Structures are given as C-alpha cells and as structure tokens.
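Please open the model in your viewer with the sequence beside it, and keep a selection tool at hand. The tour below goes from one selection to the next and says what is to be found at each stop.

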Amino acid sequence: MISAIVLIKTSVDRIPEIAEQIAALESVSEVFSVTGTYDLIAMVRVSRHEDLADVIPGRISKIPGVEGTDTHVAFRTYSQHDLEAAFAIGLDN
C-alpha cells in the first residue's frame, strides 16, 4: 500500500464543502482541516504509484475551489496500531 500526504490550498469560503468532496473520493482515507499555509491535508492510500495520478491531479485537483496541492509520498508508515500488532506476534490471548 502506498501512502501519500496531500497538502491542499482551497478557496477559504468553501473549505468544509471541499473537504467533504475530497473525503468522499475512493482512496482518500482522511481529510483534515488545518491551520497554516494549507487549508486541508488528505491522506491518500493506493496500491500502485500510477494510481496517485488518478486520485490527486485526476480528481482532487479538479474539485472546484481547490487552488493547489503539494504531495508527499511516504517511504514507510508507522502507527500505534502497527506497533501493537508487532508486539502481539506470538502471544496467546
């Protein structure tokens, strides 16, 4: 699974509507409304690198009100869930 963090600039008067449209897209797992340079951050998860082009410039960037994106592809993903599963290997419940 390939994870990408997409920083998104939007029309500020439409942030909630744009966030909902992005969140409804297949391959988008979360959308965060944030402070700072960008208005939204979307987590995109796909099985192939080529699929990123379909999701980010192909869908996210075409939503009316999206003014620009900055995409960061993750090398590795670390999460509390992953750590708990790793420590539980071989343990009987």
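**Stop one: the salt bridges**

The structure holds three salt bridges, a salt bridge being a side-chain nitrogen of Lys or Arg within 4 Å of a carboxyl oxygen of Asp or Glu. Before you select them, note that this is a predicted model, in which local features need pLDDT of at least 70 and side-chain atom pairs count only at pLDDT 80 or more, while totals for chains, interfaces and linings use all residues. Residues are numbered from 1 along each chain as its sequence is written, and side-chain values use heavy atoms, with hydrogens and water left out.

Select Arg45 and Glu30, which form a salt bridge whose closest N and O atoms are 3.4 Å apart. This pair links distant parts of the chain, since Arg45 lies in strand S3 and Glu30 in strand S2, 15 residues apart; helices (H or I, at least four residues) and strands (E, at least two) are DSSP runs, numbered from the N terminus. Arg45 is partly exposed, with a relative accessible area of 29%, and Glu30 is also partly exposed, at 32%, where buried means under 20% relative accessible area, exposed over 50%, and partly exposed in between, using a 1.4 Å probe and protein chains only.

Next, select Arg48, Glu50 and Asp51. The side chain of Arg48 meets that of Glu50 in a salt bridge of 3.9 Å, N to O, and that of Asp51 in a salt bridge of 2.9 Å, N to O. Asp51 counts as buried at 16% relative accessibility, whereas Arg48 counts as partly exposed at 44% and Glu50 as exposed at 51%. Salt bridges that share partners join Arg48, Glu50 and Asp51 into one network.

**Stop two: the sheet**

Now show the strands as a cartoon: S1 (2-10), S2 (28-33), S3 (40-46) and S4 (66-73). In which order do the four strands lie in the open sheet? The order is S2-S3-S1-S4, with antiparallel pairing, and two strands are taken to pair if DSSP finds at least two bridges between them. The edge strands are S2 and S4, each of which pairs on one side only, and the twist averages 20 degrees from one strand to the next.

Select S1 and look to either partner. Seven bridges join S1 to S3, running antiparallel, and the bridge partner of Ser3 in S3 is Arg45. Seven bridges also join S1 to S4, again antiparallel, and here Thr10 stands opposite Val66. Seven of the nine residues of S1 are buried, so this strand is largely enclosed by the rest of the structure.

Stay on Thr10, which is placed in strand S1 and is buried, with a relative accessible area of 2%. Leaving aside neighbours within four places in sequence, the contacts of Thr10 (heavy atoms within 4.5 Å) are Ile15, Ile18, Asp39, Leu40, Gly65, Val66 and Glu67.

**Stop three: helix H1**

From there, move on to H1, which covers residues 15-23 and in which Ile15, Ile18, Ala19 and Ile22 are buried. These four cover an arc of only 100 degrees around the axis, which puts them on the same side of H1; the arc is that of the directions from the helix axis to the C-beta atoms. On the other side of H1, Pro16 and Glu20 are exposed. What covers the buried residues of H1 includes the strands S1, S2, S3 and S4.

**Stop four: the nonpolar core**

Finally, select Ile8, Ile22, Val28, Val44 and Ile60, the residues with the most contacts inside the largest nonpolar core, which has 20 residues. Such a core is a set of buried Ala, Val, Leu, Ile, Met, Phe, Trp, Tyr and Cys residues joined through side-chain atoms within 4.5 Å. S1, H1, S3 and helix H2 (49-55) each supply at least two residues of this core.

To end the tour, centre the view on Ile60. Leaving aside neighbours within four places in sequence, Ile60 is in contact with Ile8, Ile22, Leu25, Val28, Val44, Val55, Val66 and Thr69.

Technical notes
Axes are lines fitted to C-alpha atoms, for helices over the stretch in contact, and angles run from 0 to 180 degrees between N-to-C directions.
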